[in-house]
Amino acid sequence: LTRLIAPLLLVLLGIGLGGVAVFSIILSFRDTGYTIAAPGETMVTIVKPGAYTLWNETKGMHGGQFLTFPEDLPSGTTIKVLKNPEGTDMPLTKSGSTSFESNGTRRITVGELTFPNPGEYQVSVTGLTEKRYLYLDESKFFRLFFRAMFLGGFGILFFLGGIGWGIFVLV
């Protein structure tokens with residue numbers, strides 16, 4: 001039986017890594033960003049510099065009402081992001097059309113931008129005739145992919161390795 005301790009520990013390590021991978025992926029779906037009412041100006045405080053995604057919210061709950069909007073922003077919509085108080089323009093670049101749906105909220109990417117420093121930023125949206133909502137959040141795809149592949153991959157590898165080692169020891 002003492003020969004099975006190492007394979008069992010390897011199996012447990014694999015299960016633990018898999019659990020951490022699943023838990024961290026689930027946590028990454030929490031809303032940690034900023035809701036931006038448009039048209040208008042919204043101040044956001046960026047604590048963690050890096051890549052962010054600006055989303056067009058096409059379905060969601062706002063002010064106690066479930067609202068739906070077209071997937072595309074109307075022609076003539078202008079979005080500017082400025083660093084306060086300097087007024088430095090943060091360029092918004094168009095990215096591929098990605099969608100996200102969770103708990104009745106649907107979002108479609110408008111673009112990506114990078115905040116080089118923490119601080120106050122002003123998001124200004126003009127050219128809309130009806131009120132709608134945008135959402136600014138950290139870009140999470142690569143971090144999520146890395147967690148799933150690294151932690152989950154090693155978890156599966158250790159789990160299967162422990163099972164194989166255990167079978168080899170028993171036979």
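**Entry 1: Leu12**

I started with Leu12 and found it in helix H1. I kept in mind that this is a predicted model. Is Leu12 buried or exposed? Its relative accessibility is 54%, so Leu12 counts as exposed, because the cut-off for exposed is over 50%.

**Entry 2: the nonpolar patch**

Next I looked at what surrounds Leu12 on the surface. Leu12 belongs to a nonpolar patch there, along with residues including Ile5, Leu9, Ile15, Phe159 and Val171. I noted about 1,100 Å² of accessible area for the patch residues together.

Which helices each supply at least two residues of the patch? I wrote down helix H1, residues 5–27, and helix H2, residues 141–170. Then I checked which one gives the most, and H2 does, with six residues.

**Entry 3: salt bridges**

I turned to charged side chains. How many salt bridges does a search of the whole structure find? I got three, and I took them one by one.

**Entry 4: Glu138 and Lys48**

Glu138 pairs with Lys48 in a salt bridge, and the closest N and O atoms are 3.4 Å apart. I traced both ends: Glu138 is in strand E10 (residues 132–138), while Lys48 is in the loop between strand E2 (40–46) and strand E3 (50–62). The two residues are 90 residues apart, so this pair links distant parts of the chain. I also looked up the cover on Lys48, which has a relative accessible area of 44% and is therefore partly exposed.

**Entry 5: Arg107 and Glu57**

Arg107 sits in strand E8 (residues 105–115) and Glu57 in strand E3. They are 50 residues apart, and this pair too links distant parts of the chain. Are these two buried or exposed? I found that Arg107 and Glu57 are both buried.

**Entry 6: Glu71 and Arg106**

Glu71 lies in the loop between strand E4 (65–68) and strand E5 (78–83), and Arg106 lies in strand E8, so the pair ties together parts that are 35 residues apart in sequence.

I checked each partner for accessibility. Glu71 has a relative accessible area of 44%, so I noted it as partly exposed. Arg106 comes out at 18% relative accessibility, so Arg106 counts as buried, because buried means under 20%.

Notes:
Residues numbered from 1 in each chain as written. Predicted model: local features only at pLDDT ≥ 70, side-chain atom pairs only at ≥ 80, totals over all residues. Heavy atoms only, no water. Patch = residues over 30% accessible without salt bridge, like charges linked within 9 Å, V, L, I, M, F, W, Y side chains within 5 Å. Areas by Shrake-Rupley, 256 points an atom, 1.4 Å probe, with all protein chains shown as cover. Salt bridge = Lys/Arg side-chain N within 4 Å of Asp/Glu carboxyl O. Helix = DSSP H or I, 4+ residues; strand = E, 2+ residues; numbered from the N terminus. Buried < 20%, exposed > 50% of the residue type's maximum accessible area, 1.4 Å probe, protein only.
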